[in-house]
Amino acid sequence: WSLLMLASAYAHIGCLDDAKKFLDLYLNGDPAAKTISELRHQLPSNRPGYLRGLEPVYEGLRRAGMPEE
């Protein structure tokens with residue numbers, strides 16, 4: 001998750017080259033989840049507040065280039 005958080009954070013501040021670099025590092029590490037949809041299915045909690053808190057992370061990952069499906 002640390003590479004995903006970095007990718008999302010860099011995307012939010014407009015540093016898309018860095019965001020894509022961290023997303024690529026994550027994706028090239030043979031992750032179990034390669035899409036946002038797959039990430040959602042691997043969450044450790046289904047509590048509404050936890051899920052809402054991840055929406056900005058997903059938005060940053062979209063900006064960095066992670067596919068939804």
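Colleague: Quick one to start: is Gly 53 buried, partly exposed or exposed?

Modeller: Gly 53 is partly exposed, because its relative accessible area is 47%. Buried means under 20% relative accessible area, exposed means over 50%, and partly exposed is in between, with a 1.4 Å probe and protein chains only.

Colleague: And where is Gly 53 placed?

Modeller: Gly 53 is in helix 4. Helices here are DSSP runs (H or I, at least four residues), numbered from the N terminus.

Colleague: What should I know about the model and the numbering before we go on?

Modeller: This is a predicted model, where local features need pLDDT of at least 70, side-chain atom pairs count only at pLDDT 80 or more, and totals for chains, interfaces and linings use all residues. Residues are numbered from 1 along each chain as its sequence is written, and side-chain values use heavy atoms, with hydrogens and water left out.

Colleague: Fine. How many Å separate the C-alpha atoms of Gly 53 and Lys 20?

Modeller: They are separated by 22 Å, with the two residues 33 apart along the chain.

Colleague: Let's do packing. At what angle do helix 1 and helix 4 pack?

Modeller: About 75 degrees, and their axes are 7 Å apart. Helix 1 covers residues 2-12 and helix 4 covers residues 48-64. The axes are lines fitted to C-alpha atoms, for helices over the stretch in contact, and angles run from 0 to 180 degrees between N-to-C directions. Helix 1 and helix 4 are therefore roughly perpendicular to each other. For the cut-offs, under 35 degrees counts as roughly parallel, over 145 as roughly antiparallel, 65 to 115 as roughly perpendicular and the rest as oblique.

Colleague: Which residues make that contact between helix 1 and helix 4?

Modeller: From helix 1, Leu 4, Met 5, Ala 7, Ser 8, Ala 11 and His 12; from helix 4, Pro 56, Val 57, Glu 59, Gly 60, Leu 61, Arg 63 and Ala 64. Contact means heavy atoms within 4.5 Å. By class, the contact of helix 1 with helix 4 has 8 nonpolar, 3 polar and 2 charged residues. Ala, Val, Leu, Ile, Met, Phe, Trp, Tyr, Cys and Pro count as nonpolar, Asp, Glu, Lys and Arg as charged, and the others, Gly among them, as polar.

Colleague: How do helix 2 and helix 4 cross?

Modeller: At roughly 100 degrees, with axes that come within 9 Å. So helix 2 and helix 4 are roughly perpendicular to each other. Leu 16, Ala 19, Lys 20 and Leu 23 of helix 2 make the contact with Leu 61, Arg 63 and Ala 64 of helix 4. That contact has 5 nonpolar, no polar and 2 charged residues.

Colleague: Staying with helix 2, which residues are buried there?

Modeller: In helix 2, Ala 19, Phe 22, Leu 23 and Tyr 26 are buried. They are on the same side of helix 2 because they cover an arc of only 100 degrees around the axis; the arc is that of the directions from the helix axis to the C-beta atoms. What covers the buried residues of helix 2 includes helix 1, helix 3 and helix 4.

Colleague: And which ones are buried in helix 1?

Modeller: Leu 4, Ala 7, Ser 8 and Ala 11. Seen down the axis of helix 1, those buried residues fall within an arc of 95 degrees, so they line one face of the helix. Their cover includes helix 2, helix 3 and helix 4.

Colleague: Back to Ala 19, what does that residue contact?

Modeller: Ala 7, Tyr 10, Ala 11 and Ala 64, leaving aside neighbours within four places in sequence. Ala 19 counts as buried, at 0% relative accessibility. The C-alpha atoms of Ala 19 and Ala 7 are separated by 4.0 Å, with the residues 12 apart along the chain.

Colleague: New topic: what's phi of Asp 30?

Modeller: Near 55 degrees, a positive value in a residue other than glycine. Asp 30 is in the loop between helix 2 (16-27) and helix 3 (36-41), and Asp 30 is exposed, with a relative accessible area of 63%.

Colleague: Last one: what phi does Gly 14 take?

Modeller: A positive phi of about 90 degrees, just after helix 1.

Technical notes:
Helix = DSSP H or I, 4+ residues; strand = E, 2+ residues; numbered from the N terminus.
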